Amino acid sequence: MVKTMTGANDRTAWLTGCIPDLPTPFADRDRIDLAAFAQLCERQIAAGCSAIVVGETAGEMATLTPDEHDALVRAAVRTARKRVRVIAGAGSNSTSQAIELTRRSDAAGADAVMSVVPYYNKPMQSGIAAHFAAVADCTELPVILHDIPQRTVRGLADDTLLQLAAMPQFIGLRDGSGDVTRPLRLRSRLRPGFRLLSGDDATAAAFVAQGGDGSISMTAAVVPELCRKIDALRGHADLRGAQAIAAQLCRLHAALATDGTPAALKHALGLLDRMSPRVRLPMIEPDATAKAAIAEAIAGIQKDIDACVLENRLWRELRAL
């Protein structure tokens with residue numbers, strides 16, 4: 001039976017809106033800073049997200065040992081305390097390693113796993129389908145597929161996605177292809193409840209406008225309050241208001257979407273005093289030009305960030321009365 005927090009009839013209602021892909025903070029001697037990570041998680045929860053993604057693209061998953069990955073997931077689960085779902089990155093280009101990460105994520109208390117198309121090996125579509133089926137067979141957790149062809153070389157073809165989506169254990173897709181027409185092409189062919197989420201911040205608004213359910217976002221890791229406000233305005237059919245804020249975030253999207261991602265993401269959070277900008281090799285810190293672009297993008301929306309933080313704090317205080 002799939003683990004849920006509200007019952008089998010609500011298996012995917014939570015998989016919507018702007019869900020942050022969180023970075024992994026590092027302290028001195030390359031250790032994971034679990035205290036800083038817990039604060040990142042708590043900030044997202046306070047902003048009203050429905051889920052957090054940990055140990056995935058932004059989390060530098062490829063550089064984490066299995067024990068470090070376990071510790072990260074457990075820290076997220078402890079901090080979340082069932083207030084939001086924890087989605088653990090559990091992908092690999094080795095099927096056996098993806099299975100092992102999935103099992104360990106399950107044991108660590110994750111609510112779902114995210115599994116990326118196998119990279120580097122360049123498998124055929126039938127091999128990709130067999131890989132994901134093997135991952136699903138090893139766990140009772142819901143599985144979110146991740147298609148990001150610019151990193152994996154092979155993309156997840158529509159027919160392969162439809163084949164996998166017919167299995168109830170696959171509950172959604174993180175689409176990092178930038179193809180905003182995918183919801184239009186696939187929505188009528190997918191089973192009800194299967195979620196389509198953009199994985200590309202620059203095109204996420206267009207993806208949602210074409211029928212997508214939301215996004216899994218690096219920008220949300222930096223400015224969760226603003227991203228959450230966009231969701232709220234869309235929910236109230238205030239598309240003009242949502243588009244106005246989304247337009248203000250364009251420079252930040254561009255500044256974060258560099259060859260140095262997630263180094264750019266960590267630098268942005270460092271400027272906001274949320275965490276150390278340290279990364280692990282082979283990643284290095286952004287160059288001076290990239291740092292200046294990040295600083296300018298944040299400065300351009302600082303007043304909006306402050307206003308949203310204050311609004312969110314007042315809302316939480318009113319709810320507590």
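**Entry 1: a cut-off to keep handy**

Buried means under 20% relative accessible area. Arg 234 comes out at 29%, so I put Arg 234 down as partly exposed.

I looked up the confidence next. The mean pLDDT of the protein chain is 93, and 95% of the residues reach 70 or more. Where is pLDDT under 50? Over residues 1-9. The model has 18 contacts beyond four places in sequence for that stretch. Where pLDDT is low, the predicted coordinates should not be read in detail. I'm leaving the start of the chain alone, then.

**Entry 2: H2 against H3**

Helix H2 is residues 66-80 and helix H3 is residues 95-108. Their axes come within 9 Å and cross at roughly 35 degrees. I noted the crossing of H2 past H3 as right-handed. Who meets whom? On the H2 side I listed Pro 66, Asp 67, His 69, Asp 70, Val 73, Arg 74 and Val 77. On the H3 side I have Leu 101, Arg 104, Ser 105, Ala 107 and Ala 108. By class, that contact has six nonpolar, two polar and four charged residues.

Two of the residues on my list pair up: Arg 104 forms a salt bridge with Asp 67, and their closest N and O atoms are 2.7 Å apart. This pair links distant parts of the chain, 37 residues apart, with Arg 104 in H3 and Asp 67 in H2. Is each one buried or exposed? Arg 104 is partly exposed at 21%, while Asp 67 is exposed at 56%.

**Entry 3: one more pair, and a network**

How many salt bridges does the structure hold? I wrote down 24. Side chains of opposite charge can pair when their charged atoms come close. Another one I checked is Arg 182 with Asp 147, where the closest N and O atoms are 2.8 Å apart. Arg 182 lies in helix H7 (residues 182-186) and Asp 147 in strand S5 (residues 143-147), so this bridge ties together parts that are 35 residues apart in sequence. Both residues are buried. They also belong to a network of salt bridges that includes Asp 158, Asp 175, Asp 179 and Arg 185.

Note on methods: Residues are numbered from 1 along each chain as its sequence is written. This is a predicted model: local features need pLDDT of at least 70, side-chain atom pairs count only at pLDDT 80 or more; totals for chains, interfaces and linings use all residues. Side-chain values use heavy atoms; hydrogens and water are left out. Axes are lines fitted to C-alpha atoms, for helices over the stretch in contact, and angles run from 0 to 180 degrees between N-to-C directions. Helices (H or I, at least four residues) and strands (E, at least two) are DSSP runs, numbered from the N terminus. A crossing is left-handed if the near helix is turned anticlockwise from the far one by less than a right angle, and right-handed if clockwise. Contact means heavy atoms within 4.5 Å. Ala, Val, Leu, Ile, Met, Phe, Trp, Tyr, Cys and Pro count as nonpolar, Asp, Glu, Lys and Arg as charged, and the others, Gly among them, as polar. pLDDT is the predictor's confidence in each residue, from 0 to 100. A salt bridge is a side-chain nitrogen of Lys or Arg within 4 Å of a carboxyl oxygen of Asp or Glu. Buried means under 20% relative accessible area, exposed over 50%, partly exposed in between (1.4 Å probe, protein chains only).
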